[in-house]
Amino acid sequence: VCPVIDIIHDETFAYIRSFELHWGAFNWDLHFRWYPVSERELRSRQNDTSAPFRTPVMAGGLFAIDRSYFEEIGRYDERMDIWGGENIELSFRVWQCGGSISIVPCSHVGHVFRKSSPYSFPRPGGVGAVLYQNLARAAATWMDEWKEFYFKINPQAAKMNRNVDVNDRLELRKKLNCKSFKWYLENVWPEHFLPTENRLFGKIRSLKNDKCIQKGSVSAAQQNIGKVKLFPCVFEVYPKQLFVYNEKGQVMTDESICLDSPEGAEDTYVVMLACSDLLRQKWKYIPTKQIFLHIKSDLCLSLPSKSRPEALTLQTCDGSTSQKWDFESVDWTS
């Protein structure tokens, strides 16, 4: 179990209470992130605001665990070095091997968040090499076919993986009779934004100008990146131009960002916002027509218009090439 982690300013020691309804997960880089708790999990609490809620991943620095259980499931991976990734690995292990992780909203612990690390990483390559070697170990042990996606997206981790030996951890996984990563995604974090065999994954290219939809810059704390724009398509694997179209009709990308139409009206801008269960984020991609139909408004995703020249818009569907999109599949499994 984990507390809500409040913020203590590293210079003034001012105490800032954190929002309680966030849970932990990870982005395509396997970096820990806080995301809003899903509607599914909130419903399971039956309006009891004091009830604990499940979290896919824990932050790592603050948690309580039964000592005998910790020993039973293999403690920490002793081949992980210094700092980074141990919370990801332990979270996967707990969930996939029969345990659970919860956040208790009535428990608050303050943490001093420093602007930079207070310790050094005396290894060749510094903090990056240490972190990505640790994350490579977690991916190679627990992520099954999704480890191929992770290494495709993260060349630095793929490079570190060449020297990683996780045979002892794989033996532990077998001994504990642990479940698959697919089970984890389907049962612990179905709101995830990773590709699956039932989802479209790839680039969204305009047939009119041969450019691709590209996500703008977004930080861990900023999940509103504004209007949707086109850029020249990048031939190589380029995460900012990769999107997942899921079973709910959401067009998702890294950091839990979704294609959204807040206004849902003709000749209005389409934006990228934090993913939610709102109908305004639901789309229907029709491959035979190569259109993205906005479910709530029955309008089509279109190129910029004369009155809205800055970014993509919603317009009445007319079959023109300015509304046609090729969802170019990218193989994520090899």
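On a 1 Å grid over the protein atoms alone, a pocket is an open set of points with protein on both sides within 12 Å along at least five of seven lines, a cavity is a set where a 1.4 Å probe fits but cannot get out, and lining residues have an atom within 4 Å of a point. Grid points are joined across faces, edges and corners, and a volume is the space filled by probe spheres set on the points. The model is predicted: local features need pLDDT of at least 70 and side-chain atom pairs pLDDT 80 or more, while totals for chains, interfaces and linings use all residues. Numbering starts from 1 along each chain as its sequence is written, and side-chain values use heavy atoms, without hydrogens or water.

**Pockets**

The largest pocket holds about 1400 Å³. Its lining comprises 40 residues, and Phe32, Ala59, Trp83, His111 and Phe113 lie nearest its centre. Helices (H or I, at least four residues) and strands (E, at least two) are DSSP runs numbered from the N terminus. At least two lining residues come from each of β1, β4 (32–36), α3 (86–96), β6 (102–113) and α4 (126–142); β4 has the largest share, with 5 residues. Because domain 1 (2–188) and domain 2 (200–329) both contribute to this lining, the largest pocket lies between them. The domain bounds come from an automatic or database domain assignment.

The second largest pocket has a volume of about 360 Å³. Of its 21 lining residues, Pro36, Ser38, Glu191, Cys275 and Ser276 lie nearest the centre. β4 and α1 (39–44) each supply at least two residues of this lining. The second largest pocket also takes lining residues from both domain 1 and domain 2, so it lies between them.

**Cavities**

There are 2 cavities of 30 Å³ or more. The largest has a volume of about 40 Å³, and its lining includes Cys2, Pro3, Ile5, Trp34 and Ile103. Strand β1 (residues 2–9) gives the most to that lining, 3 residues. The second largest cavity contains about 40 Å³ of space and is lined by Phe26, Asn27, Trp28, Leu30, Met143, Phe149, Tyr150 and Leu194.

**Lining classes**

Ala, Val, Leu, Ile, Met, Phe, Trp, Tyr, Cys and Pro count as nonpolar, Asp, Glu, Lys and Arg as charged, and the others, Gly among them, as polar.

| Void | Lining residues by class |
|---|---|
| Largest cavity | 9 nonpolar, 3 polar, no charged |
| Second largest cavity | 7 nonpolar, 1 polar, no charged |
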